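Colleague: I am new to this one. Please take a close look at a single part with me.

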Amino acid sequence: MSSLNDLLNLDISDTKQIIAEYIWIGGSGTDIRSKGRTLKGPITDPKQLPKWNYDGSSTGQAPGEDSEVILYPQAIFKDPFRGGNNILVICDTYTPKGVALPTNKRAKAAEIFNQKAVIDEVPWYGLEQEYTLLQKEVKWPLGWPLGGYPGPQGPYYCGTGAEKAWGRDIVNAHYKACIYAGIQISGINGEVMPGQWEFQVGPVVGISAGDQLWAARYILERVTEIANVVLSFDPKPIEGDWNGAGCHANYSTKSMREEGGYEIIKKAIGKLGLKHKDHIAAYGEGNERRLTGRHETADIHTFSWGVANRGASVRVGRDTEKEGKGYFEDRRPASNMDPYVVTSMIAETTILWNPPTETENVVKPINKATA
């Protein structure tokens with residue numbers, strides 16, 4: 001008699017059919033939904049895929065009397081769970097008349113990334129996704145004593161050992177699954193708070209950064225589902241003297257990567273400073289609990305930047321300062337931010353927006369003497 005694993009691992013490649021898992025963002029803006037369908041394969045381009053629909057009244061995206069929402073396939077990845085020619089499909093959401101839903105942040109991002117000025121600058125993004133693993137029944141960090149706390153922070157960041165690193169098998173399974181899928185995942189590490197980890201996606205150009213981060217989040221949700229562990233993107237999962245969880249956005253343009261790029265970087269940072277409140281409003285729910293000016297964050301109400309300063313809103317690396325070109329890191333986005341919103345907003349502010357005043361000297365770097 002076949003076991004469940006035998007059936008799960010059946011090879012269907014001879015049938016000339018594939019399973020395409022359509023993935024989209026639900027009504028909360030952070031919930032990931034998906035469903036599968038059978039198609040003739042193999043499929044190598046999202047343009048080969050048909051549109052599909054779902055019940056938007058069950059995801060908080062449409063009323064019951066007019067519940068149909070249309071899925072537009074936008075990016076495909078190899079499916080690490082089913083293997084073979086099966087695929088994961090990142091979709092965005094529209095009404096039957098072709099109007100993007102309010103929760104469809106990809107559509108607005110595509111408008112920005114499709115502008116010639118942005119295309120010409122070839123914006124690169126590296127996104128550092130922090131997250132927390134929780135025990136399912138009690139919603140308390142993995143490895144922590146029930147109702148209690150581990151030792152204070154210090155030994156856990158990039159730590160090894162049974163008393164310092166909890167959930168490594170989940171992290172490594174996700175890492176390999178992302179590589180298999182074709183996601184440009186560039187690394188992983190244990191974070192400062194025990195039970196908290198990080199993976200990085202990038203460098204990726206333009207809107208693909210959002211597609212890839214959402215795909216990586218979906219895969220992580222599935223891996224934690226298998227492991228019976230809860231995944232949290234809460235920016236401050238544990239109150240008190242514990243680090244929060246962010247999604248730092250590393251960013252550069254063609255001009256920034258060329259000779260003289262450091263001057264372009266400083267002007268871009270000046271623009272970000274002028275639009276600080278707008279960016280903060282779009283950088284994730286609950287971010288005020290994280291951006292307190294403590295635990296390697298800047299205060300949410302004040303914009304700052306500095307070289308090698310992890311307590312600033314924006315950090316410039318020492319190599320960038322030394323070489324006079326490179327990239328910078330926006331440390332403000334929360335772990336639950338929408339990557340379509342954050343990446344396109346950074347591009348819009350730094351490339352497309354022309355402020356009425358010079359920006360280079362608007363915000364002075366902090367700790368410049370010691371940076």
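Colleague: Let us pick strand β5, residues 87–94. How many of the residues of strand β5 are buried, and why is that so?

Modeller: A caution to begin with: this is a predicted model. Now the count. Eight of the eight residues of β5 are buried, so the strand is largely enclosed by the rest of the structure. Buried here means under 20% relative accessible area.

Look at the side chains next. In a regular strand they alternate between the two faces of the sheet. In β5, I87, V89, C91 and T93 point one way. L88, I90, D92 and Y94 point the other way. Both sets are buried.

Then the neighbours. On the one hand there is strand β1, residues 17–25, which pairs with β5 in the parallel sense over four bridges. A20 stands opposite I87 in β5. On the other hand there is strand β4, residues 68–78, which runs antiparallel to β5 and is joined to it by eight bridges. Here K78 stands opposite I87.

Now step back to the sheet. It is open, has five strands and mixed pairing, and its order is β2-β1-β5-β4-β3. The edges belong to β2 (32–40) and β3 (52–55). Each has a single partner strand, so one side of each is left without a neighbour in the sheet. Neighbouring strands are turned by 40° against each other on average, direction ignored.

Key:
Residues numbered from 1 in each chain as written. Predicted model: local features only at pLDDT ≥ 70, side-chain atom pairs only at ≥ 80, totals over all residues. Heavy atoms only, no water. Buried < 20%, exposed > 50% of the residue type's maximum accessible area, 1.4 Å probe, protein only. Helix = DSSP H or I, 4+ residues; strand = E, 2+ residues; numbered from the N terminus. Pairing = 2+ DSSP bridges. Axes fitted to C-alpha atoms, helices over the stretch in contact; angles between N-to-C directions.
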